[in-house]
Amino acid sequence: MRKAFGFVLGAMVGALVGGTIALLFAPASGEALRGQIRDRGAAFTTEVQQAASTRRAELQARLAELRAPRNKPTLPPVA
């Protein structure tokens, strides 16, 4: 129990110190940084949606190809 408490306390202190240092050395203001993160997230979402749409179209075409009836080869009549 004592080791777990020590670990949790250390993690909390580390998170606090890391967050403080990150805010002090951030290259942009908080509002500008949030805007950049929001824009990058939106661009990433759009990119993933486009890739999924393209892949879905490819898979649907392949499925239609597999479902299409096959032309069975006909054998010449036996004389």
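Visitor: How many salt bridges does the structure hold?

Guide: Side chains of opposite charge can pair when their charged atoms come close. This is a predicted model, and the structure holds two salt bridges.

Visitor: Which side chain does Glu58 meet in a salt bridge?

Guide: Glu58 meets Arg55, with 3.1 Å from N to O. The two residues belong to helix H2, which covers residues 30-67, and because they are three residues apart there, about one helical turn separates them.

Visitor: Is Glu58 exposed, partly exposed or buried?

Guide: Glu58 counts as partly exposed, at 43% relative accessibility.

Visitor: Which side chain does Arg62 meet in a salt bridge?

Guide: Arg62 meets Glu65, and the N to O distance is 2.7 Å. Arg62 and Glu65 are again three residues apart in helix H2, so about one helical turn lies between them. Arg62 counts as partly exposed at 43% relative accessibility, whereas Glu65 is exposed, with a relative accessible area of 53%. The cut-off that matters for Glu65 is that exposed means over 50% relative accessible area.

Visitor: How many positive and negative side chains does the chain have?

Guide: There are 11 positive and 5 negative side chains. The centres of the two sets lie 13 Å apart.

Visitor: How many helices and strands does the chain have?

Guide: The count is two helices and zero strands. The radius of gyration is 29 Å, well over the 12 Å that the globule rule gives for 79 residues, so the chain is more spread out than a compact globule. Along the principal axes, the C-alpha atoms fill a box of roughly 90 × 40 × 15 Å.

Visitor: What percentage of the residues count as buried?

Guide: Of the 79 residues, 1% count as buried. Here buried means under 20% relative accessible area. The accessible surface of the chain comes to about 7,900 Å², and carbon and sulfur atoms account for 65% of that surface.

Visitor: Which residues make the nonpolar surface patch?

Guide: The patch is made by Phe5, Leu9, Val13, Val17, Ile21, Leu24 and Phe25, and its area is about 750 Å².

Visitor: Is Leu9 buried, partly exposed or exposed?

Guide: Leu9 counts as partly exposed, at 43% relative accessibility. A patch residue needs over 30% relative accessible area, and the value for Leu9 is 43%.

Technical notes
Residues numbered from 1 in each chain as written. Predicted model: local features only at pLDDT ≥ 70, side-chain atom pairs only at ≥ 80, totals over all residues. Heavy atoms only, no water. Helix = DSSP H or I, 4+ residues; strand = E, 2+ residues; numbered from the N terminus. Rg over C-alpha atoms; globule rule 2.2 N^0.38 Å. Buried < 20%, exposed > 50% of the residue type's maximum accessible area, 1.4 Å probe, protein only. Areas by Shrake-Rupley, 256 points an atom, 1.4 Å probe, with all protein chains shown as cover. Lys, Arg positive; Asp, Glu negative; His and termini not counted. Charge placed at Lys NZ, Arg CZ, Asp CG, Glu CD. Salt bridge = Lys/Arg side-chain N within 4 Å of Asp/Glu carboxyl O. Patch = residues over 30% accessible without salt bridge, like charges linked within 9 Å, V, L, I, M, F, W, Y side chains within 5 Å.
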